[in-house]
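Work through the exercises below with the structure in view. Each task is followed by a solution in steps.

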Amino acid sequence: MKAVRFHEYGGIDVLRVEEVERPVPGPGQVLVEVRAAGIQPGETHIREGGLHRRWPATFPSGQGTDLAGVVVELGPEVRGFAVGDEVLGFTHDRASHAEFVAVDDVRLTPRPEGLSWDVAGSLQVAGATAWACVFAVDPGPSDTVVVSGAAGGVGSLAVQLARRRGATVIGLASEPNHAWLKEHGVIPVEYGDGVAERIREASGGTLDAFIDTFGTGYVDLAVELGVRPRRINTIRDWGTAAKVGAQTAGESTAACAAVLGELARLAARGELDVTIARVYPLDQVQDAFRELERRHTHGKIVLRP
């Protein structure tokens, strides 16, 4: 089968699509023929070596967590799935950017009717991360919460999940994304110089929670704006979070089939808007990451094997 591999840390040019052995599902695993697999900013940081201490790579390394596809083979002791089932799920083996992947059955959920392959295959990391962020800061109907990177893969879901709880949500994003935020009941605010004053004006001076999906000073900004550290959550700025006592809940906090299944049902019913920015064939993985790393994409970028 074909799969994405890199043999050393480096830039986009180290990514290759290679012929590798097709995996054999072990006990409690199924083999999924992948129809769609999302890509993540975290995969860039891993590939570049920036997260070596936290998540070291073993070479040659694959990549990819999100996936959706069709079950084509069962390992021993599999429960709840059969050959031919359409599923979505995740692997923590850096393996979903491939034509086939062996997945633990507990990390899969059925694909709901009406959910596109592209959305199904890009939902886990962004969706579980957004779910964890919102759960961590626990916004309610009387709260105002700020979300940085509000139009990105995680941020665009976090603002919707916070709105579902009845909170007033302020989304930090560039001006071209403001119309989308307004359509989803979010108050848009331009990031950059002067953002603190713009947030104060948009919020009327009262802020209860802050979700940082971008990093680069937003935890300090939240503290400056008077948000209590226990109601600040960041998925990027772990060092500052440790200094001030903010939370760092992320994908691993909510990585389970139950959460993924609920997100999938919301998306299938049209109650959660999962925007697909662009779809690339697997052999154009380098182009996909070039677009991702410009950091101006609204929504998810997906690979199709």
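**Exercise 1.** State where the charged end of arginine 22 sits.

Solution. The model is a predicted one. In it, the charged end of arginine 22 sits over the ring of phenylalanine 100. The distance to the ring centre is 4.5 Å.

**Exercise 2.** Find the ring over which the charged end of arginine 54 sits.

Solution. That ring belongs to tryptophan 238. The charged end of arginine 54 is 4.0 Å from its centre.

**Exercise 3.** Classify the pair formed by the rings of phenylalanine 6 and phenylalanine 59, and say which parts the pair ties together.

Solution. The structure holds five aromatic pairs. For the rings of phenylalanine 6 and phenylalanine 59, the centres are 6.0 Å apart and the planes stand at 70 degrees, so this pair is edge-to-face. Phenylalanine 6 is in the loop between β1 (2-5) and β2 (16-19), and phenylalanine 59 is in the loop between α1 (41-48) and β4 (66-74), so the pair ties together parts 53 residues apart in sequence.

**Exercise 4.** Decide whether phenylalanine 6 and phenylalanine 59 are buried or partly exposed.

Solution. Buried means under 20% relative accessible area. Phenylalanine 6 has 1% relative accessibility, so it counts as buried. Phenylalanine 59 has 35%, so it counts as partly exposed.

**Exercise 5.** Classify the pair formed by the rings of tyrosine 9 and phenylalanine 59, then name the aromatic cluster that includes Tyr9 and Phe59.

Solution. The ring centres of tyrosine 9 and phenylalanine 59 are 5.0 Å apart and their planes are at 80 degrees, so the pair is edge-to-face. Tyrosine 9, at 24% relative accessibility, counts as partly exposed. Phe6, Tyr9 and Phe59 form one aromatic cluster.

Terms used: Residues are numbered from 1 along each chain as its sequence is written. This is a predicted model: local features need pLDDT of at least 70, side-chain atom pairs count only at pLDDT 80 or more; totals for chains, interfaces and linings use all residues. Side-chain values use heavy atoms; hydrogens and water are left out. Rings of Phe, Tyr and Trp (its six-membered ring) pair if their centres lie within 6.5 Å; planes under 30 degrees apart count as stacked, over 60 as edge-to-face and the rest as tilted. Helices (H or I, at least four residues) and strands (E, at least two) are DSSP runs, numbered from the N terminus. Buried means under 20% relative accessible area, exposed over 50%, partly exposed in between (1.4 Å probe, protein chains only). A charge sits over a ring if NZ of Lys or CZ of Arg is within 6 Å of the ring centre and within 35 degrees of the ring normal.
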